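Hello,

Here is the structure I promised to pass on to you. Have a look at it first, and then read on for what turned up when I went through it.

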Amino acid sequence: MSDKRIKKQLLKKKLFAKNRLIILNEDTFEETFSLKLTLMNVFVVATIGAILIITVTTFIIAFTPLREYIPGYTSTKLKKDATELALKSDSLEFAIKKNEIYLQSIQKVLNGNLQYAKVNKDSILAISVDTLPDLQLTATESELKLRKEVSDEENKAKEKEKTSKKKNK
């Protein structure tokens, strides 16, 4: 036989050879516990135990407040507070911008740059702070050609439908 085959057979014999684990009382040499084991059984039980311990530990850390002690995880209360503060700061910034616009318009009236009849708090507040500039959007030549091609194709499709309906009647 080849060396590899002999080594495999020896390993198989060692893994599946039955051994006895005996626990004795040292004073009386009385057998308190006895168990027949193979090396393979010990490996399987140890592997399953390790996997079980790792799984339980992972779930305990992931679904309890213990995860807050891991760097990178924050508490849910902290996240909630940060979100609320961000929303409040945004609304306060918007209110400040509105008030600044109103004060600027009041200063214009006081300096005589603007007539009082044109200044109205409601009209100033109605103007959005972040408005987009008016853009002159015009179609380019290629867009105009594409529009014409599409409309021509639509007209041809309508004509074909009309002719097919007339033939069916």
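How far does helix 5 reach from its first C-alpha to its last? The span is 41 Å for 28 residues, close to the 40 Å expected at 1.5 Å a residue. Please keep in mind that this is a predicted model, so every value here is computed from it.

First, the overall layout. The protein has 5 helices and 2 strands, and along the sequence they follow the pattern α-β-β-α-α-α-α. Of the 169 residues in the protein, buried ones make up 4%.

Helix 5 is hardly covered, with a count of 0 buried residues among its 28. Helix 1 (residues 3-16) is another case: 1 of its 14 residues is buried, so helix 1 lies largely in the open. Its reach from first C-alpha to last is 20 Å, close to the 20 Å expected at 1.5 Å a residue.

Next, charges. Helix 5 covers residues 141-168 and includes Glu-149. Together with Asp-152, Glu-153 and Glu-154, Glu-149 forms a patch of negative charge on the surface.

How many salt bridges does a search of the whole structure find? The search gives 1. The partners are Asp-81 and Lys-77, whose closest N and O atoms are 3.3 Å apart. As for cover, Asp-81 is partly exposed at 30% relative accessibility, while Lys-77 is exposed, with a relative accessible area of 58%.

About 790 Å² of it is made by Leu-52, Val-56, Ile-60, Ile-61, Leu-66, Tyr-69, Ile-70 and Tyr-73. One of these, Ile-70, is placed in the loop between helix 2 (39-62) and helix 3. Ile-70 has a relative accessible area of 31% and is partly exposed; that value passes the patch cut-off, because patch residues need over 30%.

Now to the strands. Ile-22 belongs to strand 1 (residues 19-24) and is partly exposed, at a relative accessible area of 39%. In sequence, Ile-22 and Leu-35 are 13 residues apart, and in space their C-alpha atoms are 6.5 Å apart.

One backbone detail deserves a look when you open the model. For context, most residues other than glycine have a negative phi. Phe-29 is found in the loop between strand 1 and strand 2 (31-37). Its side of the story on cover is simple: Phe-29 is exposed, with a relative accessible area of 64%.

Best wishes

Definitions and conventions:
Residues are numbered from 1 along each chain as its sequence is written. This is a predicted model: local features need pLDDT of at least 70, side-chain atom pairs count only at pLDDT 80 or more; totals for chains, interfaces and linings use all residues. Side-chain values use heavy atoms; hydrogens and water are left out. Patches are made of residues with over 30% relative accessible area and no salt bridge: like charges are joined within 9 Å, nonpolar side chains (Val, Leu, Ile, Met, Phe, Trp, Tyr) within 5 Å. Accessible areas come from the Shrake-Rupley method with a 1.4 Å probe; for residues, only the protein chains shown count as cover. A salt bridge is a side-chain nitrogen of Lys or Arg within 4 Å of a carboxyl oxygen of Asp or Glu. Lys and Arg count as positive and Asp and Glu as negative; His and the chain ends are not counted. The place of a charge is taken as NZ of Lys, CZ of Arg, CG of Asp or CD of Glu. Helices (H or I, at least four residues) and strands (E, at least two) are DSSP runs, numbered from the N terminus. The expected span of a helix is 1.5 Å times one less than its number of residues. Buried means under 20% relative accessible area, exposed over 50%, partly exposed in between (1.4 Å probe, protein chains only).
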